[in-house]
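Here is a friendly walk through one protein model. Have the sequence and the coordinates at hand as you read.

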Amino acid sequence: MHRNSNYFLVPNEVFILGLDHGELSVYLYLLYCEDRATYQCHPSYDTIGEAIGMSKKTVQKYVRSLENKCLISTEYTTITTKDGRTRNGSLLYTIRPIKDALQYYYETKFREIADEKLRRKIEEKLRRFNIDL
């Protein structure tokens, strides 16, 4: 990814993955925040939500969805307060290579096709025995 002060690049393949508007909004914001050398960023759920007009809970839902689709990975971080106490920090987001998401997407689609074939075979066997679903 390359970032200029006025724009950032989005991989074309993102539009193959069937992301809904919420997933796409969160993903694009993370790309916007990403350090291009490390592929990481650490905005809070609240910061993301304020930027794209979503509640914290909705952002959390979409972050989990992006993780499940292999577009990002997250790690918990901690901070140390001035008085020495350790607290939870913001998540550290890593933007994964788009090829990981594409591989997961196509593997999922392949399994759906295989499941559909299996479903049809089972339905055919049930019809032979006059059993309706």
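Predicted model: local features only at pLDDT ≥ 70, side-chain atom pairs only at ≥ 80, totals over all residues.

The report below goes from the sheet to the helices, and then to a few single residues.

Three strands form an open sheet in the order E3-E7-E4, and their pairing is antiparallel. Strand E3 (40-41) and strand E4 (72-75) are the edge strands, each pairing on one side only. Helix H3, residues 56-68, packs on this sheet and touches E4 and E7. The direction of H3 makes about 120° with that of E4.

How many bridges join E4 to E7? There are 4 bridges between E4 and E7, and the two strands run antiparallel. Cys41 has Tyr93 of E7 as its bridge partner.

## Helix H1 against helix H2

Next come the helices, taken pair by pair. Helix H1 (residues 21-33) packs against helix H2 (residues 45-52) at an angle of about 110°, and their axes are 10 Å apart. H1 is therefore roughly perpendicular to H2. On the H1 side, the contact is made by Ser25, Val26, Tyr29 and Leu30. From H2 come Thr47, Ile48, Ala51 and Ile52. What is the make-up of the contact of H1 with H2, by nonpolar, polar and charged residues? The count is 6 nonpolar and 2 polar residues, with no charged ones.

H2 and H3 pack at an angle of about 100°, with 8 Å between their axes. These two helices are therefore roughly perpendicular to each other. Tyr45, Asp46, Ile48 and Gly49 in H2 meet Lys56, Val59, Gln60 and Val63 in H3. By class, the contact of H2 with H3 divides into 4 nonpolar, 2 polar and 2 charged residues.

H1 and H3 pack as well, at an angle of about 85° and with their axes 9 Å apart. This angle makes H1 roughly perpendicular to H3. H1 brings Gly22, Glu23, Val26 and Tyr27 to the contact, and H3 brings Tyr62, Val63, Ser65 and Leu66. The classes in the contact of H1 with H3 are 5 nonpolar, 2 polar and 1 charged.

## The cysteines

How many disulfides does a search of the whole structure find? The search finds 0 disulfides. For Cys41, the closest cysteine sulfur is that of Cys33, and at 5.2 Å it is too far for a bond. Cys41 counts as buried because its relative accessibility is 5%.

Cys70 is in no disulfide either, and the nearest cysteine sulfur, that of Cys41, is 17 Å away. With 14% relative accessibility, Cys70 also counts as buried. You will find Cys70 in the loop between H3 and E4. Its backbone deserves a glance: Cys70 has a positive phi of about 65°, although it is not a glycine.

Tyr39 is another residue with a positive phi, about 65°, that is not a glycine. Tyr39 sits in the loop between H1 and E3. Its relative accessible area is 41%, so Tyr39 is partly exposed.

Is Lys57 buried or exposed? Lys57, which lies in helix H3, is exposed, with a relative accessible area of 65%. Lys57 and Tyr45 are 12 residues apart in sequence, and their C-alpha atoms are 8.1 Å apart in space.

Notes:
Residues numbered from 1 in each chain as written. Heavy atoms only, no water. Pairing = 2+ DSSP bridges. Contact = heavy atoms within 4.5 Å. Axes fitted to C-alpha atoms, helices over the stretch in contact; angles between N-to-C directions. Disulfide = S-S within 2.5 Å. Buried < 20%, exposed > 50% of the residue type's maximum accessible area, 1.4 Å probe, protein only. Parallel < 35°, antiparallel > 145°, perpendicular 65-115°, else oblique. Nonpolar A, V, L, I, M, F, W, Y, C, P; charged D, E, K, R; others polar.
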